[in-house]
Amino acid sequence: MQRDRPWILRTYSGHSTPSASNALYRANLARGQTGLSVAFDLPTQTGYDADHPLARGEVGRTGVPVGHLGDMEVLFDGLDLATMNTSMTINATAPWLMALYVACAERQGAPPTTLRGTTQNDIIKEYLSRGTYMLPPGPSLRLTADLVLYAVEHVPDFNPINVCSYHLQEAGATPEQELAYALCTAITVLDTVRERGIGPARLSSVFGRLSFFVNAGIRFVEEVCKLRAFAELWDRLGLERYGVADPKLRRFRYGVQVNSLGLTEAQPENNISRIVLQMLGVTLSRNVRARAIQLPAWNEALGLPRPFDQQLSLRAQQILAHETDLLEYPDLLDGSPVVAERTRQIREAAWAEVERVLASGGMVAAVESGDVKERLVASNAARLARIESGEQIVVGVNHFTESEPSPLLADGGAGAILRIDPRAEEEQRESLVAWRRQRDADAAARALDAVREAARSAANLMPASIAAARAGVTTGEWAAALRDVFGEYRAPTGVGAQAPTPVGDEVSPLRREVATLAREIGRRPKLLVGKPGLDGHSNGAEQIALRARDAGFEVVYEGIRSTPEEIAAAAVQEGAHVVGLSILSGAHLELVAETLGALRQRGGESIPVVVGGIIPDADAAVLLSSGVARVYTPKHYQVDSILSGLVEVVRQAHA
Amino acid sequence: MNAPPELEPLVRGVCAGSERDVARALSLVEDSRAAFAARAVELQRRLLAQTPADRGHRIGITGPPGVGKSSLCRALVGRLRRSGQSVALLAVDPSSPRSGGALLGDRARLTLDPGDPGVFVRSMASGGQLGGLARAAGAAVIVLAAAFDAVLIETTGVGQSETDVEHVADTVVLVVQPASGDVLQFIKAGIMEVPDLFLVNKADLGQVAEVAERELRTALLAGGEAAVTPVLRVSAETDVGLDELVLALQRHRARLEESGSLIAERRRKAVRWAERLLTLRYGEFLLERSGGADEARRRLELLLQQGAVPAEAVDQLARAAGLG
Ligand code: B12
Ligand SMILES: Nc1nc2c(ncn2[C@@H]2O[C@H](COP(=O)(O)OP(=O)(O)OP(=O)(O)O)[C@@H](O)[C@H]2O)c(=O)[nH]1
Ligand SMILES: [Mg+2]
């Protein structure tokens, strides 16, 4: 047997501005990376221009801002799109970014047929985990199908959708859930496409272009089995539900980012070991080996990785691919009864869950009712409870916690992450204004009208979007046109109907503390959990909300994407005793200041505010001195002690 | 915050619709500390004295869990507001029987303009109380009604025998879920006569909603209620029937007003609410001590006539019986 070809090695990256990101991509490619993986900033992902109020603090922060064709051209300047393989993590606005990509390639002289790569374009998991949705599920799925159908016809070597199980595991899914809900999503997309009246041949080619983006956790043996189960079910689904005769088109193709939820803030250097072991899960079994891999960095839980940190992870991939003998052998696990048995278990449990969802009205219904979200939140609660009790060992966190001082974290770790220059946001805003000024305003307006019209009709949105891209329309304008036509949406939070979490018995000391506090202050302490800004990381907010409820707090949870004004209004009207903001996107300095300001304006300045999330120590000090009562980060993994802290905060405010 | 707030400015602020004062007043009526409870009684007296007896419209939205009460309330808040009224929503959610804690999640689905002073939303935990409301709900309605034109009260997802909201609302709306057996349950429980308006929500689900509507009409016919109680098929999701809903609500209030029973009904209901508070706080025991249910009611009626608020009347009865 021939030596296997290495997978595509990528690094998920992008930040600040298109030109800064372009430099980064060139450097990554020079380092031996074999494809690009573009991280967009949150405004681009949710369809806002850099000068929109909701974009404040987020422009260029966790990815590159792409506001129009000019940005796209700068981003790929000097990179030949006809030969590049580009993965774009883009969903709600995927048709738009694809339109920009096609238009940009056109300017480079690369026809659509030469383009290779991926748009993520999986909206379902946005409602369940990732949070960058913009329209209600129905219209969103129509956009998904538009892009898929357009690509299959005009950009045949492109993967127009990457159904994601990755984000489900990051939101707490078990292997069975991860597999089941990803399949449900694929079924939803395929059914939607099929309903558009395409023939069996076209349906087969859509099936063949559908790839996955999966996760691989630290239990890597189980993960290999999960992937083998995935491949078996996918094959069966193709044959039985969609009549795909060609076995090649039924092959389970996937890219991967290994698990990041399990990467720790404490002793962060240990994450390197975790990342490498997790990589085994997606490479060991040749028959289900990943087509593309990107690895997080050792400092994942501290903040954004620097180029050096990303290089370290890239090198880990290269060592596995080129130094070890892994690629020389056929599948190592074929014939193992142990693997076969575990695979069967996962396959059957996952399929049972698929059938349950389908029988109860399908995935869209299960998303809208909150059913699936609630199950993910419950799984995550169980996971955290196992860690908190020590049942699930996490080295450096709940076991083996003593450590030599880390040279990696000299001066408190302040230099150990990438800092985004706030001037980048300013720069991007200015260049956007300049762009709007120099374009043909009438042509842009006409192109936008055409987008609106296409949205109202049954036509495919892609041609009008590509025309709009050429005409200089901006990301925010394109998205606003669709919001006009289809309306906006807020997804269920999954916490409303939750059973008690597995932690805490009847008379825990914490419950007694809360009950005592309630007597002192005359009513049960009321906690408002708020997520200001565009940040979609909801795990922490959900778990704190649930556990606070179980401890005896009254909890108001607002869901993601509130404005500081909305949070302040809720805090005052609800008579909250404490406001807890959860911010992981890095925009905490701006958003906390705005929320404190909004509270002052409404006369809510006496309500104490605590902040949780990815907050570097230096920033924590800034927040504390601006009036924040407490700051919590992932190293505070014991939720009970966080809640004790809140009891203290409320008591002090009422003393 | 160890002393209850000054009344004078608080009353003024509430009557002027000040967000912060309304919120503080609500916190005061939820406060269990003795000095605060006494001040809360005083607050309610003053607010009642300052609120015209026929002001506004109190609308109770009740029904089983998950029928779409919150979704409907959200749609209603928007519509009533656009018609020029100021609107408050009091949403009651269940408390956990184990910890006493509660998740008050309804706001997550509300998208309101935080800059609009004419909209106010407050959630409240039921405190484990059956009946779909919280103990402080009656007082909260007094506060909100002094500040806002329309007051919506969303109950917890109730079972069949729990209709406390009828004691605090002018118009009770019962929402049922298509294809759920709800209708049957309500008939069995014999509470078909409580609601002033029936809604079959989720009309967008199609046929099942039509079936539920037919079932409901048949049941009402059998119970002799058909002529008076309207049934509407609506969808909070697709906005179907919501204009009709607003009209039906207005019509019900207008009928109350024209028949001269709006104020009388409010008085009668306040007595009922006082009775509920009494059994909640002191159980059947106080009823016996007060000379039986009829006698207790008569005395509560008298106290309310003399200007007492329900919580106060209950306390007086308790004191008279050597309790409290
Ligand atoms: C899981 C995860 C995701 C999931 C989120 C799923 C979900 N629904 O929550 C997914 C895969 C969707 C995701 C996506 C993205 N992510 Co992410 N993600 C993470 C990850 C790995 C873990 C976060 C987590 O859930 N932890 C578990 C929870 C329980 O912990 P926690 O939130 O920290 O909460 C604890 C404390 O902080 C505190 N706390 C938190 N909130 C509150 C609130 C209150 C009231 C209180 C009292 C306490 C408190 O208490 C909790 C208990 O310990 C982190 C890195 C890491 N390991 O921390 C990156 C990370 C947060 N992600 C990051 C980024 C950039 C993204 C993206 C923006 C990437 C992109 N460009 O598209 C996207 C988009 C997300 C969006 N819409 O905003 C960055 C943020 C960078 C920064 N801050 O500078 C991080 C730090 C990774 C990195 N190093 O680059 N992500
Ligand atoms: N199809 C459809 N779904 C609806 C409609 N109204 C509400 N829903 C859905 O029903 C579910 C419950 O809605 P809520 O408004 O929270 O119901 P509720 O009665 O307030 O629920 P509880 O307060 O928990 O008792 C949500 O998933 C809503 O999206 C509707 O008109 N049509
Ligand atoms: Mg509700």
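Residues are numbered from 1 along each chain as its sequence is written, and chains are lettered from A and ligands numbered from 1 in the order in which they are written. Because the model is predicted, local features need pLDDT of at least 70 and side-chain atom pairs count only at pLDDT 80 or more, while totals for chains, interfaces and linings use all residues; side-chain values use heavy atoms, with hydrogens and water left out.

**The two domains**

Chain A is assigned domain 1 (8-333 + 404-412) and domain 2 (509-653), with bounds that come from an automatic or database domain assignment. Taken over C-alpha atoms, the centres of domain 1 and domain 2 of chain A are 33 Å apart. Contact, meaning heavy atoms within 4.5 Å, links 25 residues of domain 1 of chain A with 18 residues of domain 2 of chain A. The area buried between these domains is about 1600 Å², with 50% given by carbon and sulfur atoms; buried area is the accessible area (1.4 Å probe) that two parts lose on being put together, summed over both.

Three salt bridges are found across the interface of domain 1 and domain 2 of chain A, a salt bridge being a side-chain nitrogen of Lys or Arg within 4 Å of a carboxyl oxygen of Asp or Glu. A salt bridge also joins the side chains of A:Arg61 and A:Glu590, at 3.1 Å from N to O.

**The shell around ligand 1**

Ligand 1 is surrounded by 42 residues, of which the closest are A:Arg130, A:Glu300, A:Gly303, A:Gly536 and A:His537; a residue is counted if one of its heavy atoms lies within 4 Å of the molecule. Domain 1 and domain 2 of chain A each give at least three residues to this shell. By class, the shell divides into 18 nonpolar, 20 polar and four charged residues, where Ala, Val, Leu, Ile, Met, Phe, Trp, Tyr, Cys and Pro count as nonpolar, Asp, Glu, Lys and Arg as charged, and the others, Gly among them, as polar.

| Residue | N or O atom of the residue | Atom of ligand 1 | Distance |
|---|---|---|---|
| A:Tyr12 | side chain | oxygen | 2.8 Å |
| A:Thr62 | backbone | nitrogen | 2.9 Å |
| A:Ser260 | backbone | nitrogen | 3.3 Å |

Methods: Polar contact = N/O pair within 3.5 Å; in protein donor to acceptor, adjacent residues only side chain to side chain.
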